Amino acid sequence: MNIMNTAHVRHGSNIGQNLTRREGALKVTGAARYAADHHPAGMLYAVLAVSAVARGRVTALDVAAAKAHPGVVDVMTPQNAPKLAHHPDEKTNPFAFRLDILQDAQVRYANQPIAVVIGESLEAATEGAVLLAPAYQAEDVVVRFEDGEHFVPAAVGVGAPAEEGHGDVEAGLRNAAQRVDVTYDTPAHYHNALEPHAIVAEWQGERLIIDTPSQGMAIAQGRLAGLFGIAPEDIYIRSPYLGGGFGGKGLIAGPQVLGIMAAKLVGKPVKLVMRREQLYGPIGHRGVTRQHMRLGADTEGGLTAIDHHILTATSRFDDFFEPSAGVTHTLYATPALLTRYEGMRFDTGTPLFVRAPGEASGSVALEGAIDELAEACGMDPLAFRLKNYAETEPLTGKPFTSKALRACYAQGAARFGWAKRPLAARMMTDAQGLLTGWGVGTATFPAHMFQASARAEIRSDGSGVVEIGAHDMGQGAWTALAQIAADGLSLDMDKLTFRIGTSDLPDAGIAGGSAHTATAGSAIHNATGAAIAALADIAMRDETSPLFGAGNAGVVSRDGHLYRRDDESRGESYATILSRAGLDSVEGRGEGAADQAVTENYAGHAHGAVFAEVKVDPELGQVRVTRLVGAFAAGRVINPRMVESQYLGGMIWGVSFALHEEAIMDRRTGRPVNGNLADYHVPVNADIPSVEAILIDEQDSLINALGIKGVGEIGITGTAGAIVNAIWHATGIRVRSMPVTLDKLLF
Ligand code: MOS
């Protein structure tokens with residue numbers, strides 16, 4: 001809904017500016033308070049005790065020993081945990097995933113919380129947790145595709161069909177001149193945000209005050225209200241800064257709820273911070289996939305069929321299936337397309353959202369297989385992608401709201417120097433004797449929008465206020481949304497008070513799905529428009545205003561003033577209008593949501609092209625990414641610096657996907673073998689020599705009023721594929737199992 005009176009035009013110059021993070025100084029000086037920085041008076045420390053087995057029961061806990069330890073205040077177990085208003089396994093809505101919050105002695109995965117020790121100090125509580133010395137009755141576990149049964153899931157992701165497509169894939173493959181039939185494996189990834197999940201919880205009677213990092217405060221309020229049987233309005237969440245979210249903080253996790261329960265049990269404020277190794281279980285992870293790709297092409301290199309079969313694992317007790325087929329629905333034109341899923345149940349925590357959930361894993365398989373088919377056709381992989389360029393969305397046939405992918409390919413390739421690439425593999429060696437290869441991958445991510453509300457106010461001193469319960473997990477919402485707000489009110493940034501990050505502000509929806517700037521930004525755009533319209537109304541009805549009678553032509557807002565649109569020499573300041581009317585302020589409210597008519601008739605996606613150079617030691621098999629160039633088109637750029645930062649971060653995660661990251665589960669115990677930041681590899685500075693992101697111009701007049709798509713997740717797509725394709729180009733070896741560790745390149 002656009003409630004802005006279209007007779008009003010707003011001018012501003014903040015959108016598009018390269019502002020630095022407005023909260024940056026607070027962060028680097030330590031003045032920004034993250035959740036765990038809070039210490040309300042009388043606060044106690046809670047420490048999780050977690051299961052060492054992946055399936056079975058806790059048969060004994062030495063609560064007496066823990067309680068006898070000096071400084072231990074209480075021990076929360078299934079015996080004394082506060083009663084909840086409903087069972088945490090109840091699926092109250094599609095976003096209610098099952099939580100392990102001491103409902104019973106069952107163990108469903110390693111690192112599941114089995115008790116909480118509350119102490120006067122962190123040390124006392126930590127020691128108390130050790131003294132619990134749990135005993136278990138353990139059962140056999142399944143954590144590998146080889147060890148269990150497959151089934152067809154009812155839905156994947158959040159409600160997507162498990163089988164989609166069109167045309168006759170088998171005929172397309174049969175009639176193809178060239179085929180590939182290959183399987184790509186992607187491992188489980190676990191969240192390693194700088195800030196672990198943390199909470200400081202305080203009950204004030206029936207009212208709950210919490211400091212905790214959240215990408216979705218209103219959803220968290222709803223979940224907590226259900227569990228504790230209180231009204232959502234009685235839950236106040238502060239989440240102004242997150243040390244990374246990446247989907248792991250999209251929904252409130254069990255350990256956060258346990259912090260709240262612990263505070264209830266002891267009747268005091270409680271802080272609970274997860275230990276790094278405890279993140280490998282109860283907070284969601286990227287599900288493991290095995291993707292069978294069958295592709296065919298005709299003699300001209302045109303696709304005849306794509307069959308993308310995804311085997312993926314969820315937990316034994318809940319359903320989330322990594323939705324890896326999305327990229328295949330989006331990227332390449334083909335007369336026959338089929339994507340289908342099978343699921344398995346592993347004795348792990350339930351997989352959930354991790355940056356580009358589905359798109360990241362699907363992209364590696366699709367981009368790898370497309371590259372293999374280009375090779376089979378004897379074509380340059382970029383030329384092959386252009387040959388199969390989708391003019392409409394392959395799955396639905398819908399036109400795109402905008403698609404500047406050709407420009408991404410062209411500008412990325414030019415910047416990278418792609419034209420000099422030899423067609424065959426193993427043709428380039430550098431001065432040090434390292435095999436050198438170049439690869440390309442296409443990036444794509446859907447331009448989602450969720451629901452958001454915002455409130456705007458213009459004050460009689462000429463300043464503005466904009467409020468929205470938006471979330472800045474590091475992506476730059478404090479800055480980019482403020483730029484939209486300032487332009488919405490036609491004010492300089494220093495005239496704007498901008499509030500986000502607390503749950504008493506209008507619901508901004510979830511900061512996920514790369515949709516936050518588009519959704520919250522649209523709400524802000526409409527709220528500020530409503531405030532300007534209300535102000536214009538006051539002036540235009542006032543005979544003493546130069547705007548009197550501007551009526552049909554309307555007004556223009558610029559620099560804290562309104563002017564007649566039919567005569568821009570006649571105008572007056574916001575302050576003058578409000579003062580004369582005897583008003584302190586005027587308010588506007590607005591919503592942000594997708595335009596249903598557009599969603600039904602068009603496909604909205606951001607696109608990009610990533611080019612990678614790798615060098616491979618021919619004796620050791622060691623791979624280094626030496627250059628990455630990504631070119632991305634994602635509609636209107638609100639702040640180029642923030643957008644570039646998102647692309648660079650995404651591409652670096654793509655390097656991690658291709659070369660580093662992999663959670664290894666012990667097949668005998670179901671425990672993570674490398675569940676800590678020392679053994680779970682992520683790239684460090686030395687792994688990332690040169691990364692460049694090119695921001696491609698793209699105007700999109702359909703996707704939303706501001707023309708914003710979304711940039712948070714696209715960078716991780718395309719990149720890992722480009723790297724594995726470059727590794728082939730360097731070595732002649734197709735590695736189809738991520739990450740590409742050196743043992744897979746022994747030649
Ligand atoms: Mo993202 S995985 O939607 O935070």
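Let's start towards the end of the chain, where Pro 739 sits in the segment that follows α16. This is a predicted model, and in it a cis peptide bond links Met 738 to Pro 739, with omega at about -10 degrees. From there, this briefing turns to the backbone, a helix pair, the domains and the salt bridges.

**Backbone points to look at**

- As background, most peptide bonds are trans, and most residues other than glycine have a negative phi.
- The bond between Met 738 and Pro 739 is cis.
- Ala 133 is not a glycine, yet its phi is positive, at about 40 degrees. You will find Ala 133 in the loop between α3 (122-131) and β7 (135-138).
- Ser 490 also has a positive phi, near 50 degrees, in a residue other than glycine. Its place is the loop that runs between α11 (477-488) and β23 (496-499).

**Where α8 meets α16**

- Helix α8 covers residues 359-376 and helix α16 covers residues 719-731; their axes come within 8 Å and cross at roughly 35 degrees.
- The crossing of α8 with α16 is right-handed.
- On the α8 side, the residues in contact are Val 364, Glu 367, Gly 368, Asp 371 and Glu 375. Their partners in α16 are Ala 720, Gly 721, Asn 725 and Trp 728.

**Domains**

- The protein chain is divided into domain 1 (3-32 + 456-592), domain 2 (35-140 + 197-273) and domain 3 (354-448 + 600-745).
- Between domain 2 and domain 3, the C-alpha centres are 38 Å apart.
- Contact between these two domains involves five residues of domain 2 and seven residues of domain 3.
- Together, domain 2 and domain 3 bury about 450 Å², and 62% of that area is on carbon and sulfur atoms.
- Zero salt bridges are counted between domain 2 and domain 3.

**Salt bridges**

- Across the whole structure, a search finds 44 salt bridges.

Methods. Residues are numbered from 1 along each chain as its sequence is written. This is a predicted model: local features need pLDDT of at least 70, side-chain atom pairs count only at pLDDT 80 or more; totals for chains, interfaces and linings use all residues. Side-chain values use heavy atoms; hydrogens and water are left out. Axes are lines fitted to C-alpha atoms, for helices over the stretch in contact, and angles run from 0 to 180 degrees between N-to-C directions. Helices (H or I, at least four residues) and strands (E, at least two) are DSSP runs, numbered from the N terminus. A crossing is left-handed if the near helix is turned anticlockwise from the far one by less than a right angle, and right-handed if clockwise. Contact means heavy atoms within 4.5 Å. Domain bounds come from an automatic or database domain assignment. Buried area is the accessible area (1.4 Å probe) that two parts lose on being put together, summed over both. A salt bridge is a side-chain nitrogen of Lys or Arg within 4 Å of a carboxyl oxygen of Asp or Glu.
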